[in-house]
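Me: I would like to check some labels against their cut-offs. Please show the sequence and the structure, and then we can go through them.

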Amino acid sequence: MADALELQARSLLSAAAVRARAGEMFGIGLNGGLTHFTIDLDRMDGVADAVLAVTREAYPTLEIPFHARWRHFVLGGIDRWARLADSASWPDRAARARAEFDLAIVSVLLDAGAGAAWRYRDAVTGQSVGRSEGLAIASLDMFASGLFSHDPRAPFRTDADVLAQLPLAALTSAFQVSEANPLLGLEGRTDLLRRLGKLVAERADVFGAHDTPRPGGLFDHIAAQAKGGAVPAPAILTAVLNQLGPIWPSRLELAGIPLGDCWHHPAIKANDSTESLVPLHKLSQWLSYSLIEPLQRAGFDVTDIDGLTGLAEYRNGGLFVDHEVLRLRDAADAERAHAVDSLLVVEWRALTVALLDRLAELVCAKLGRTPESLPLASILEGGTWAAGRAIAFARRPDGSPPLKVISDGTVF
């Protein structure tokens, strides 16, 4: 029985489970069975046009990279990480890949909503950069300065023992936080990095195969599973969820297995212990997308990229609310603040995943492209996230999302 429960729990730690449960939520919504939202698919064509407009503006040739953390390291037309990495001396491609895993894992874990007020002043350009891009440049500066390394002569690494003891004051200073420049969820972010450090230190078998334990050791763990030099993208997510899952604070567990970004909704049915559970795995999938390029640079063929799903976060979700594909049953809910585990937020996020798949089909059809030549990861980048931000700023002066979510800095 315990084995069956464990298998059921692990089944939720996959992109396939995210897509399946989101699809179930979508079906219930189409039949008018959800508590908080109705769905108007007639408005999807307008959403596709909005996504295409911002995509053509950003990528006129329609050569669109994947939605990944690496895009946010480009500031003022300069790819900051590429410049650092290309000028460094790497003993082999695997060494660079481990460093890139180190950077991506920490940067993505720090990438929850910053709030509208926070800004990071970039020392190179003098620009003040907010939100996700500001968090990215800040995290890159931390990494490049050796904040996470135990060896001052080797700054481009993240060591488990350093993370485990990371002082809140170090992140407060590095993020330039003050009373006048507040950052949402700073304590939650610090705690998450400490949890990461402790977990990695305890799992030298996974994270320390070629070095002292470091998050970048996950590269070797994934590389060891490659068949014929190929790694399926969903296998990256499975590794992230199974190996990093215990870092997430006070969330659901099943058979002693932490389920991460997974929530209850009574409308979701199953004939086993996973009934009512809705996995979304937003940050883990964002991280998985961000680990594709380091694997490719190291010589691996990453396949089935569309096996990952769209990201259940407030820009993608806001896109559908602001374009009125998703309508609140109670308009007053737009003014209330909602907990991450509330039925409203769970519905919103699951519907976002399902709608992104349908939006990708529409965008491909309009461009005469196939999912192979224009995968979901590129449509997200082109794309949905930017279109969600654009309409948010068009609707509200501060660009805030259409729904207010109370976040602890580890989900959005």
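Me: Why is Asp322 called buried?

Reply: Asp322 has a relative accessible area of 3%. Buried means under 20%, exposed over 50%, and partly exposed in between, with a 1.4 Å probe and protein chains only. Asp322 is therefore buried. A word on the source: this is a predicted model, where local features need pLDDT of at least 70, side-chain atom pairs count only at pLDDT 80 or more, and totals for chains, interfaces and linings use all residues. Residues are numbered from 1 along each chain as its sequence is written, and side-chain values use heavy atoms, leaving out hydrogens and water.

Me: Where is Asp322, and which residues does Asp322 contact beyond its neighbours within four places in sequence?

Reply: Asp322 sits in helix H14. Helices (H or I, at least four residues) and strands (E, at least two) are DSSP runs, numbered from the N terminus. Leaving aside neighbours within four places, Asp322 is in contact with Ile391, Ala392, Arg395, Arg396 and Pro402. Contact means heavy atoms within 4.5 Å. Ile391 is 69 residues away in sequence, yet the C-alpha atoms of Asp322 and Ile391 are 6.8 Å apart.

Me: What makes the pair Asp322 and Arg396 a polar contact?

Reply: Their side chains approach to 2.7 Å. A polar contact is a pair of N or O atoms within 3.5 Å; within protein, one must be able to donate a hydrogen and the other to accept it, and residues adjacent in sequence count only if both atoms are side-chain atoms. The side chains of Asp322 and Arg396 make such a contact.

Me: Which peptide bond is cis, from Gly382 onward?

Reply: The bond from Gly382 to Gly383 is cis, with omega near -25 degrees. Gly383 is in helix H16.

Me: How do you know how H5 and H9 pack?

Reply: Two packed helices are described by the angle between their axes and the distance between the axes. The axes of helix H5 (residues 93–109) and helix H9 (residues 186–202) come within 9 Å and cross at roughly 145 degrees. Axes are lines fitted to C-alpha atoms, for helices over the stretch in contact, and angles run from 0 to 180 degrees between N-to-C directions. Ile105, Val106 and Leu109 in H5 meet Leu192, Leu193 and Leu196 in H9. The residues of this contact divide into 6 nonpolar, no polar and no charged. Ala, Val, Leu, Ile, Met, Phe, Trp, Tyr, Cys and Pro count as nonpolar, Asp, Glu, Lys and Arg as charged, and the others, Gly among them, as polar.
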